[in-house]
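I opened my notebook to follow some charged side chains through this fold. Here is what I looked up, entry by entry.

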Amino acid sequence: PAGAKSITFKMVDRDKPGYYHGGGKVPYTGQSVIEPGACSYQSPCPPDGAHTYEWTADADGLGKAKARAEYP
């Protein structure tokens, strides 16, 4: 959204919310692509069956997007 200076990304395992999968704060200058490696990230690795993962992107509190997916 207009006025955003950074985007904070976070990935959580909805079935094990205390397990940190990654994220970070990335400067935003209007680009449409965030370069690979801009945030820390550990891929989904459920130890006991399928888990639901959720990515959140928050643009300085001006707008938020979420996506969920089950893995595997």
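This is a predicted model: local features need pLDDT of at least 70, side-chain atom pairs count only at pLDDT 80 or more; totals for chains, interfaces and linings use all residues.

**Entry 1: Lys66.** Next I asked where Lys66 sits, and found it in strand β5, which spans residues 64-71.

**Entry 2: the partner of Lys66.** Which residue forms a salt bridge with Lys66? I found Glu54, with the closest N and O atoms 3.9 Å apart. Glu54 belongs to strand β4, so this pair ties together parts of the chain that are 12 residues apart in sequence.

**Entry 3: Glu54.** Is Glu54 buried or exposed? I read a relative accessible area of 5% for Glu54, so I wrote it down as buried, which needs a value under 20%. The strand that holds Glu54, β4, runs over residues 51-58.

**Entry 4: Arg68.** I then turned to Arg68, whose side chain meets that of Glu54 in a salt bridge at 2.5 Å, N to O. This pair also links distant parts of the chain, with Glu54 in strand β4 and Arg68 in strand β5, 14 residues apart. I looked up the accessibility of Arg68 too: at 55% relative accessibility, Arg68 counts as exposed.

**Entry 5: Arg14.** Another salt bridge joins the side chains of Arg14 and Glu54, at 3.8 Å from N to O. Here the two residues are 40 apart: Arg14 is in the loop between β1 (6-13) and β2 (20-27), while Glu54 is in strand β4. With a relative accessible area of 43%, Arg14 is partly exposed.

**Entry 6: the count.** How many salt bridges does the structure hold? I have 3 on my page. Salt bridges that share partners bring Arg14, Glu54, Lys66 and Arg68 together in one network. I am happy to have that drawn as a single sketch.

**Entry 7: Pro27.** Pro27 is exposed, its relative accessible area being 58%. Which residues does Pro27 touch, not counting those up to four places away in sequence? I listed Lys5 and Ser6. I also checked Pro27 against Ala59: they are 32 residues apart along the chain, and their C-alpha atoms are separated by 9.8 Å.

Conventions. Residues are numbered from 1 along each chain as its sequence is written. Side-chain values use heavy atoms; hydrogens and water are left out. A salt bridge is a side-chain nitrogen of Lys or Arg within 4 Å of a carboxyl oxygen of Asp or Glu. Helices (H or I, at least four residues) and strands (E, at least two) are DSSP runs, numbered from the N terminus. Buried means under 20% relative accessible area, exposed over 50%, partly exposed in between (1.4 Å probe, protein chains only). Contact means heavy atoms within 4.5 Å.
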